[in-house]
Amino acid sequence: MRKLRVVTAALCLLAVLLGNAVAQNKSLYTRLGGKDAIKAVVDELATIAAGDARINKKFAKSNLDRLKFELVEQICAATGGPCKYTGRDMKTAHKNMSVTEGEFNALVEDLVAALDKFNVGANEKKELLGILAPMKPQIVEVKSQATGTPLPPNFKPAPPLKTGKPMANVGKGGNK
């Protein structure tokens, strides 16, 4: 009888370990909950950032619909999802914004708050931030911890998304 209990316990432990291994083999996109979950986090991030005086001036000229659409596509693609990011590269998108290190860090804090609202696991948060962190040198133009700096007048935002096109085609051709 005791041998049966030991075998049963060993099988249960093996099942748990295999279950964890299978979960780790899933893409980050899947573990985050797919595109709808990414959209929800991006919507929450936009709400938080709009109310964050440390960074909201940097979005004063941005087309919010375009920004959210492209951020969802970028995260979807970067995490192993079926999306293809067709927006501007980060250096071009942030050119002449004078984004400071402090503002970049504030946005990361806002992203973490959005992820926390949806109870995203610590491993998934760490993995996502690890994917996004290499973009920092392409975004930050000012080596300063200052926040709340105004958007320079020479900043030219991307145009709004063109309407009347299916979402699958948005971002292609003349929409960049």
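Modeller: Begin with naming: helices (H or I, at least four residues) and strands (E, at least two) are DSSP runs, numbered from the N terminus. This is a predicted model, in which local features need pLDDT of at least 70 and side-chain atom pairs count only at pLDDT 80 or more, while totals for chains, interfaces and linings use all residues. Residues are numbered from 1 along each chain as its sequence is written, and side-chain values use heavy atoms, without hydrogens and water.

Biologist: How much space lies in the largest pocket?

Modeller: On a 1 Å grid over the protein atoms alone, a pocket is an open set of points where a 1.4 Å probe fits, with protein on both sides within 12 Å along at least five of seven lines; lining residues have an atom within 4 Å of a point. Points are joined across faces, edges and corners, and the volume is the space filled by probe spheres set on them. Here the largest pocket holds about 970 Å³. Its lining has 39 residues, of which Phe-59, Leu-67, Leu-71, His-94 and Leu-107 are closest to the centre.

Biologist: Which helix supplies the largest share of that lining?

Modeller: α4 does, with 8 residues. At least two residues each come from α3 (34–50), α4 (64–78), α5 (90–93), α6 (101–117) and α7 (122–132). For class, Ala, Val, Leu, Ile, Met, Phe, Trp, Tyr, Cys and Pro count as nonpolar, Asp, Glu, Lys and Arg as charged, and the others, Gly among them, as polar. The lining comprises 28 nonpolar, 5 polar and 6 charged residues.

Biologist: At what angle do α3 and α4 pack?

Modeller: Axes are lines fitted to C-alpha atoms, for helices over the stretch in contact, and angles run from 0 to 180 degrees between N-to-C directions. For α3 and α4 the angle is about 135°, with the axes 9 Å apart. The two helices are therefore oblique to each other, since angles under 35 degrees count as roughly parallel, over 145 as roughly antiparallel, 65 to 115 as roughly perpendicular and the rest as oblique.

Biologist: Which residues of α3 and α4 meet?

Modeller: Contact means heavy atoms within 4.5 Å. Lys-35, Ile-38, Lys-39, Val-42, Asp-43, Leu-45 and Ala-46 of α3 meet Leu-64, Lys-68, Leu-71, Val-72, Glu-73, Ile-75 and Cys-76 of α4. This contact has 9 nonpolar, no polar and 5 charged residues.

Biologist: How do α3 and α6 cross?

Modeller: Their axes come within 9 Å and cross at roughly 130°, which makes α3 oblique to α6. Val-41, Glu-44, Leu-45, Ile-48 and Ala-49 of α3 make the contact with α6 residues that include Leu-107 and Leu-111.

Biologist: Are α6 and α7 roughly parallel or roughly antiparallel?

Modeller: They pack at about 150°, with axes 11 Å apart, and are therefore roughly antiparallel. Their contact has 7 nonpolar, no polar and 2 charged residues.
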